[in-house]
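Open your viewer and get the selection tool ready. We will go from side chain to side chain together.

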Amino acid sequence: MSENRKHARVGTHLRCWCEGENVTLYARIANLSEGGLFLRTSTPLAKGSRAQVRLSQEADTALHAEATVVWLRGGEQPVGRPPGMGLRFEALDANALASLRRIISQQQTSP
């Protein structure tokens, strides 16, 4: 995993739906940025696969976006490094980006 990130990450406990080709996951997001998210799961999708991500914080703040699995973390990790997958958002339109920015802002200000 590269540390050449373009966007700052914010820690979160939000949950989201992640729909791949033959599987749908409902899992906790560990961190979120304008570029993507880390989804905690012991059953990640394959690296390179595409998924639809849906999350909402409040009724007026929802995000539906296409994402690509760019890296995986297995279950045999040190404490504090949960298994899961890193997803990169693909081609967010202006409305999706605005929703994502609202969600990130709300997460930064919540306790």
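The model is predicted, so local features need pLDDT of at least 70 and side-chain atom pairs pLDDT 80 or more, while totals for chains, interfaces and linings use all residues. Residues are numbered from 1 along each chain as its sequence is written, and side-chain values use heavy atoms, with hydrogens and water left out.

**Aromatic pairs**

Select Phe 38 and Trp 71: their rings are stacked, 5.2 Å centre to centre with 15 degrees between the planes. (Rings of Phe, Tyr and Trp, the latter by its six-membered ring, pair if their centres lie within 6.5 Å; planes under 30 degrees apart are stacked, over 60 edge-to-face, the rest tilted.) Phe 38 belongs to strand 4 (residues 36–40) and Trp 71 to strand 6 (residues 61–73), so the pair ties together parts 33 residues apart in sequence. Strands are DSSP runs of E, at least two residues, and helices runs of H or I, at least four, numbered from the N terminus. Phe 38 is buried at 3% relative accessibility (buried is under 20%, exposed over 50%, partly exposed in between, with a 1.4 Å probe and protein chains only).

**Salt bridges**

Now select Glu 34 and Arg 101, a salt bridge with its closest N and O atoms 3.1 Å apart (a Lys or Arg side-chain nitrogen within 4 Å of an Asp or Glu carboxyl oxygen). Finish at Arg 88 and Glu 90, bridged at 2.9 Å between the closest N and O atoms.
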